[in-house]
Each structure stands twice: as C-alpha cells, then as structure tokens.
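Let's take a friendly walk through this protein together. Have a look at the fold before reading on.

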Amino acid sequence: MLKLYNTLTRKKEEFVPLKKGTVKMYSCGPTVYNYAHIGNMRAYIFMDTLRKVLKYNGYKVKHVMNITDVGHLVSDADEGEDKMAKTARIENRSVYEIAKEYTDAFMKDIKALNIDTPEHIAKATEHIREMEIYVNDIVKNGYAYETSKGVYFDTSKLPNYGKMLSNNNIDDLKAGARVEVDTEKRNPQDFALWIKAPKEHIMKWNSKWGLCYPGWHIECSAMSRKYLGDKFDIHTGGVDHIPIHHENEIAQSIGATGHNLANYWMHVEFLLIDGGKMSKSLGNVYTLNDLKAKGIDALSYRYFTYSSHYRNKLNFTWDAIKSAKNSLNKLRDMIALHKGVNKKIDKNIISKYEEQFLDAINDDMNMPLALSVVWEAVKYPEKSPKIAQLLKKFDTVLGIKIDEVQETKIPQEILDLVEERKQARSDKNWSESDRLRDLIAEKGYIVKDTKDGTEVLKK
C-alpha cells in the first residue's frame, strides 16, 4: 500500500487516484531568470522520485510542469521588481532571450540529474489565452472584481482563505500582487489575477481588460486545468509555496470550478548550506556547474539528497557531498562483483530485499531507508547476478545509474582472480592468497577483506 503525506490533511494517507491505474500530477517548475541552484534541484529530484515511485507501483503517470517565462517578482508574495525584467536590464538583452537561455540550462540540468521529462512542459507565454479564460470564469462566478489596475481575487468570498494548507491567520497574510498597493482593493489580502500593464511594461498581451499580463498564481491553475482537467491527483512544490502561492491556487480553483484542484498536496523541505540559509550575500548559492568544478557529478548530488527524508531539511556541506560521491562509486564497484560470478542465490533472499525496498518507498518515499536496503543487498556475502539485477530494478526509482557507469566495471579476468583468492583463503592457503592479491594489484586493482566479504576496487 502506497502512503503519502498530504499537506492538505497534515497526515500520511493511503494513495487512491481518481482513476484506477493512472495518476495525474502537476509540479511547480522554475522561473527562468537565472540558473537553478542545488536547492531548487532538490525539489525537482523529489518530483522525479515521486513519479518513479508511482511507476514502480504500476501506475501510468500524466505529469505537467510549468516554465514561468513571463517573470514574477522578488518574493513568493509577488512583491518587488520583476525578476525577468531585472535580469534583462542587467544583461542588456530581451526578456525572451533571457527566458530561452535559462530554460535551456534548466533542461540540461534535469537531464544530468536523470530526471524524466514530464509528459507536458507548459511555458507560461504559450498559455496566456488559457489564463485569460480562467480569470474570466472566476469573475463570472463572483469571486473576482476589476479595478483600474487589474483584476483581483476577492478573498472575503472564502471563509477559510489562507487556512487550507498552511492554517494561516488571514490577518497575518500579505497581499499577493505584482503592482504597488492598490487603494481600490476591497481587502488587503486580495491578490492580482490579471494586471493592466503600464506603458513601459515589456511583456503584455491583448485581452478583454486591455493590454495586460498574468498574475503569477493564475499560471499554474490555468495550465494544470488544460492538461489535467479541473481535478487531478497530486500537486507538488517546495514548502516555500505553501502559505501564499499554493493557497492562492486553491482559492482560484474554488472560484473557477467550485472545488480544490488537487487531492494530494506534497511539499519538499529546504536545502541548508553548512547549517544555514543559502544566500547570495553569503556566497553559498551553488549550481550543478559549481559542483562539477569541484569534481562532483550531478548523480552524486542526487544520491546525496536521499540521505534525508524529503520532508526534513537537508544540510549540504562539501564534506558530505564528497562522501556521497565516494559512496555512490563504491556502490557501483560492489555491484560489479555480483555481475562477475555465475552463482545461484536463494530466491527468498531476493524476495526479502524486494519487499523491504517496496515497503520503504511506499512509506511516504522513505529514501534513506530504501538506500539502506540497497546497501544491505549489495553487501550480501554470496555474490550473484540476481543481486545485480535486483539493484538495477531498484535504480528505476533511485535514478542514480548504478549499473551504467562503464569506468567502474571490473574486468572478468580480475573477478576470476578474486574468486580464486577467496577459495585460497577458504583453504587457508595464505601464500597463494597473497600471490593472487599481488597479481591483482599489478593489474591495477585493490582487494579488501571486510566483515561483509571481499571487495575489489580500481586503483
């Protein structure tokens, strides 16, 4: 039984899709005004691991992720200067050039992390008409009103506004708007759905309300409805989206359709850097390219994220990421030992590991526990290709390519010598054991005898 933590109900629940065998899922994607940092990437690894867990359980997945290429403002509350326009001004390029460059960079990053491309990548600029229709539906249903500056959602129409996901006190919420304070707003918390563009604004489109551009929150609501319908199964994002962006998505959905758009809301926690916040002022905003410059590949970072549950904060340090890299390489080497022999293994052993792995991933994606099962299996003293095949199956969830890195593959000649040496040790023929160890070393490999068995590593 697959259980997932639902932010909406604040508890783990059995996952039951709207349609048997199929999961419809939406994930908040990047705003493409800069390179995505490794904190952002934790959210996309979580998103991808979730869809891999769903597929492992036999579900067909229809997944949508947006690309916000219209730009939104400095904070999650949609305040401050437009990020896209700011970057375009600093780099003296058009906002469309900025959007293309950073979209391409993002897609390259998710490929490096072995993140499956969602079935639909929805760019905001390509769905302006859908957003206008969605806003119009909200207005027709009496949940929004027009001012001289735009169209606003009337939060007073929802008695539980702000409390669905975050249990906020409405008096503590700030208004979400991409414009300066509008004195025509009916309530301080009302947020902009559709904004009438000032003359100097770069990105704007014709609509029934004149030249306008969309509020940030409306993008996800409109695009999810186009591809997934008025109601779908899972909505994912970072915990920073809970109090404003996702609360507003729910409000908009109720205004347009009369109900919440998703049954399960799932959120991934923050990545910390050396125990503190990631900040440009501290100089600790790292990208995958920064990791690569220090010899850390993208899949080592993916492996590192499994060291903590997705609902817990994860602390990044250079020592920790280097340790993750070494562990992943060691795992790959140990799997090679299982490939190089032709021995049968008790099928109950395989079944035990399969059951433990499934229990771990189905317990709200407990990836640290799932990884511990992987290590227990790879350390099984009786080497067998069945273990290697099993771990390759587990990798359809892990996504760390534990079976595909050729440079870690141990040649059959070396594996044969290792087996000969194991027999010599079993026969207590120590001189022959030492001779074989030295021969293996001459060929560029090191043999280690541990409590879990014999390991062989490339020098």
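## Overall build

This is a predicted model. The protein has 14 helices and 15 strands, and its C-alpha atoms fill a box of roughly 90 × 50 × 35 Å along the principal axes. Of the 459 residues, 54% are buried.

If you trace contacts between residues at least 6 apart in sequence, you will find that 75% join residues at least 24 apart. The exposed surface comes to about 20600 Å², with carbon and sulfur atoms supplying 48% of it.

## Helix α1

Helix α1 covers residues 38–56, and at 1.5 Å a residue its 19 residues should span 27 Å; the end C-alpha atoms are 26 Å apart, which agrees. Because 15 of those 19 residues are buried, α1 is largely enclosed by the rest of the structure. After the helix comes G58, with a positive phi near 95°.

## Charges and salt bridges

There are 71 positive and 65 negative side chains, and the centres of the two sets lie 2 Å apart. The salt bridge count is 28.

One of these pairs D137 with R225, with the closest N and O atoms 3.0 Å apart. D137 sits in helix α4 and R225 in helix α5, so the pair ties together parts 88 residues apart in sequence. D137 is buried, at 15% relative accessible area.

Another salt bridge joins E354 and K393, at 2.6 Å between the closest N and O atoms. Here E354 belongs to helix α10 and K393 to helix α12, so parts 39 residues apart in sequence are tied together. E354 is partly exposed at 25% relative accessibility, and K393 is partly exposed at 38%. Salt bridges with shared partners also join D48, R51, K52, D116, E119 and R302 into one network.

How values were computed: Residues are numbered from 1 along each chain as its sequence is written. This is a predicted model: local features need pLDDT of at least 70, side-chain atom pairs count only at pLDDT 80 or more; totals for chains, interfaces and linings use all residues. Side-chain values use heavy atoms; hydrogens and water are left out. Helices (H or I, at least four residues) and strands (E, at least two) are DSSP runs, numbered from the N terminus. Buried means under 20% relative accessible area, exposed over 50%, partly exposed in between (1.4 Å probe, protein chains only). Contact means heavy atoms within 4.5 Å. Accessible areas come from the Shrake-Rupley method with a 1.4 Å probe; for residues, only the protein chains shown count as cover. Lys and Arg count as positive and Asp and Glu as negative; His and the chain ends are not counted. The place of a charge is taken as NZ of Lys, CZ of Arg, CG of Asp or CD of Glu. The expected span of a helix is 1.5 Å times one less than its number of residues. A salt bridge is a side-chain nitrogen of Lys or Arg within 4 Å of a carboxyl oxygen of Asp or Glu.
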